[in-house]
Amino acid sequence: GFIWMSWNQAANWCLQRKVNLEQALAWSDSATSTNFGGDRAFAAWATRARLLEELNRSVEAAEIMKKAMAFGGVNEVHQYGRQLLIQKKPKEALEVFKTNFKNHPDQFTTLVGMARGLSANGDYKNALKYANKALPLAPDPLNKNSIAGMIEKLKEGKDGN
């Protein structure tokens with residue numbers, strides 16, 4: 001069907017294979033348009049931004065992601081922050097985590113995001129505060145163990161990521 005997800009899927013296919021990126025960018029135009037309902041879809045805008053990054057248009061990509069933040073859910077925004085950490089952009093990641101925390105305060109995911117962002121920027125003391133707040137909110141043993149490990153690293157003055 002002609003919905004934003006189809007256009008986004010086509011653009012992502014090209015992005016993952018690093019082929020036909022200009023065509024993929026055109027498809028992302030459709031994915032993010034009001035005509036196909038993707039004008040408020042975080043995933044569509046994130047694909048567009050990743051395409052622009054791949055095409056060496058980083059400034060434009062960053063502007064798009066600032067706009068897309070308003071459309072993202074807690075987990076989508078958190079994953080974007082994690083992606084920035086992987087890309088060695090800790091300051092930008094911290095800003096994303098701060099926005100997510102502001103919009104969704106005291107949730108497990110946003111507390112962990114703050115701990116990760118602060119830790120990546122060398123503020124282990126404040127990162128530890130957020131990690132300690134997140135620990136009792138862990139939804140399952142895997143997350144609880146992960147946060148406990150982060151807490152131990154932070155106590156040792158090491159990056160918890």
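**Figure 1. Overall fold of the protein chain.** From the N terminus on, the elements of the protein chain run α-α-α-α-α-α-α-α-α. That makes 9 helices and 0 strands, where helices (H or I, at least four residues) and strands (E, at least two) are DSSP runs numbered from the N terminus. The model is predicted, so local features need pLDDT of at least 70 and side-chain atom pairs count only at pLDDT 80 or more, while totals for chains, interfaces and linings use all residues. Residues are numbered from 1 along each chain as its sequence is written, and side-chain values use heavy atoms, with hydrogens and water left out. The C-alpha trace spans about 50 × 30 × 25 Å along its principal axes.

**Figure 2. Surface and contacts of the protein chain.** The accessible surface comes to about 9,000 Å², and 52% of this belongs to carbon and sulfur atoms. Accessible areas come from the Shrake-Rupley method with a 1.4 Å probe; for residues, only the protein chains shown count as cover. Of the 161 residues, 42% are buried; buried means under 20% relative accessible area, exposed over 50%, and partly exposed in between (1.4 Å probe, protein chains only). Among contacts (heavy atoms within 4.5 Å) between residues at least 6 apart in sequence, 49% join residues at least 24 apart.

**Figure 3. The largest pocket.** A pocket is an open set of points on a 1 Å grid over the protein atoms alone, where a 1.4 Å probe fits, with protein on both sides within 12 Å along at least five of seven lines; lining residues have an atom within 4 Å of a point. The largest pocket holds about 480 Å³ of space, a volume being the space filled by probe spheres set on the points, which are joined across faces, edges and corners. Its lining has 21 residues, with A62, M65, Y80, L84 and V96 nearest the centre. Two or more lining residues come from each of α3 (42-54), α4 (58-68), α5 (74-86) and α6 (90-103). By type, the lining divides into 10 nonpolar, 5 polar and 6 charged residues. Ala, Val, Leu, Ile, Met, Phe, Trp, Tyr, Cys and Pro count as nonpolar, Asp, Glu, Lys and Arg as charged, and the others, Gly among them, as polar.

**Figure 4. The second largest pocket.** This pocket has a volume of about 160 Å³. Among the residues that line it are N75, H78, F108, R116 and N143. Helices α5, α7 (108-120) and α9 (141-155) each give two or more residues to the lining. The lining residues are 3 nonpolar, 6 polar and 2 charged.

Figure 5. The side chains of D29 and R48 meet in a salt bridge, with 2.8 Å from N to O; the term means a side-chain nitrogen of Lys or Arg within 4 Å of a carboxyl oxygen of Asp or Glu. D29 lies in helix α2 (residues 21-31) and R48 in helix α3, 19 residues apart, and the pair links distant parts of the chain. D29 is partly exposed at 40% relative accessible area, whereas R48 is buried at 11%. The count for the model is 7 salt bridges.

Figure 6. E152 pairs with K155 in a salt bridge whose closest N and O atoms are 4.0 Å apart. These two residues are separated by about one helical turn, because they stand 3 residues apart in helix α9. E152 is partly exposed at 42% relative accessibility, and K155 is exposed at 54%. In another salt bridge, the side chains of E156 and K158 meet at 3.2 Å, N to O. K158 is partly exposed, with a relative accessible area of 46%.
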